[in-house]
Amino acid sequence: MEEDLCYRQEYSLKGGEFARAGEVSRRIKDLLKELGLDVQVVRRAAIASFEAEMNVIMYAFQGTVRLAVTPADVTIIVDDHGPGIPDIELAMTEGYSTATREMRELGFGAGMGLPNIKRNADVFRIVSEPGRGTRLEMTFARDGRPS
Amino acid sequence: MTLSDIVRQLELKVHAGRGGLDRPVAGAYIGDLMSDVMAHGRKDDLWITIQIHPNVVAVAVLKDLAGVIITNGREPSEDTVRQSEEQRLPLLGTSLGAFELSGRLHQLGLRGAR
């Protein structure tokens with residue numbers, strides 16, 4: 001029965017909404033803290049969800065963030081409607097970015113977002129369909145990293 | 001060392017978040033790239049930056065940083081000030097540049113490496 005236990009929460013994001021950037025990741029972080037999760041897990045989930053949130057705000061039209069917390073792990077799935085990523089391997093390269101000059105002036109577009117997510121999640125999957133959108137799936141083990 | 005010690009000794013301007021000034025500071029990190037600070041900033045660090053937009057507040061709160069010092073006399077945007085107040089995040093300012101400010105923080109005994 002324990003596997004069925006699951007806390008779910010859903011958030012929506014709008015592309016271009018820079019003024020509210022970081023709000024969803026902040027809410028996720030607060031919720032995970034309230035649920036009493038290990039501080040390192042909360043920290044890693046907060047970093048990864050911020051990077052994913054910023055990607056939607058910077059590049060997509062809209063997105064959904066779905067959070068699921070089970071006794072074993074935390075899963076965050078971010079789906080967006082947007083231009084998609086034609087070459088995922090290239091996008092995963094540290095330092096590679098398609099950010100505009102305006103985004104760079106705000107301190108974004110360092111080409112560190114996706115690598116930051118990969119480093120902080122225990123399992124990270126990315127699927128993208130150019131012209132339609134992108135899905136990021138990240139899982140964080142609650143008892144630290146699996147070996 | 002608390003933030004208020006630093007504010008007093010370096011005559012920093014308090015833009016917002018006065019309520020959080022009794023917070024202890026463990027170290028400091030300089031960066032103007034959000035992802036860089038997300039990756040390398042640590043809890044209770046003081047963040048030194050020239051960025052003035054509200055995303056600074058989001059990053060600082062998510063990383064549990066002690067506070068932010070905006071250098072070169074730059075003024076934070078209204079949104080940034082409002083969000084700092086809401087989050088009780090000390091948002092400080094100085095006319096010094098990042099290099100000079102870091103030197104003085106070092107003299108006060110603050111270190112980046114822990």
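How many helices and strands are there in chain B? I counted 5 helices and 5 strands in chain B, taking helices (H or I, at least four residues) and strands (E, at least two) as DSSP runs numbered from the N terminus.

**Conventions.** I worked on a predicted model, where local features need pLDDT of at least 70 and side-chain atom pairs count only at pLDDT 80 or more, while totals for chains, interfaces and linings use all residues. Residues are numbered from 1 along each chain as its sequence is written, chains are lettered from A and ligands numbered from 1 in the order in which they are written, and side-chain values use heavy atoms, with hydrogens and water left out.

**Chain B, fold.** I read the elements from the N terminus as α-β-β-α-β-α-β-α-β-α. The C-alpha trace of chain B spans about 35 × 30 × 25 Å along its principal axes.

**Interface of chain B and chain A.** I found 21 residues from chain B and 22 residues from chain A in the contact. The two chains bury about 1,700 Å² between them, 57% of it on carbon and sulfur atoms; buried area is the accessible area (1.4 Å probe) that two parts lose on being put together, summed over both. B:Ser35, B:Asn55 and B:Leu62 supply 33% of the area that chain B buries against chain A, more than any other three residues.

I noted 8 residue pairs in polar contact between the chains, both residues at pLDDT 80 or more. A polar contact is a pair of N or O atoms within 3.5 Å; within protein, one must be able to donate a hydrogen and the other to accept it, and residues adjacent in sequence count only if both atoms are side-chain atoms. On the chain B side, helix 2 (34-40), helix 3 (55-62) and helix 4 (78-87) each supply at least two residues that touch chain A. By class, this side has 9 nonpolar, 7 polar and 5 charged residues. Ala, Val, Leu, Ile, Met, Phe, Trp, Tyr, Cys and Pro count as nonpolar, Asp, Glu, Lys and Arg as charged, and the others, Gly among them, as polar.

**Salt bridges.** I used a side-chain nitrogen of Lys or Arg within 4 Å of a carboxyl oxygen of Asp or Glu, and the count over all chains came to 16. Between chain B and chain A there is 1, from B:Asp64 to A:Lys29 at 3.5 Å, N to O.

A:Arg66 lies in strand 2 (residues 62-69) and A:Asp79 in strand 3 (residues 73-81), so the pair ties together parts 13 residues apart in sequence. A:Arg66 is partly exposed at 32%.

A:Arg119 and A:Glu94 meet at 3.7 Å, N to O. A:Arg119 sits in helix 5 (residues 113-120) and A:Glu94 in the loop between helix 3 (88-91) and helix 4 (101-105), 25 residues apart.

Key. Contact = heavy atoms within 4.5 Å. Buried < 20%, exposed > 50% of the residue type's maximum accessible area, 1.4 Å probe, protein only.
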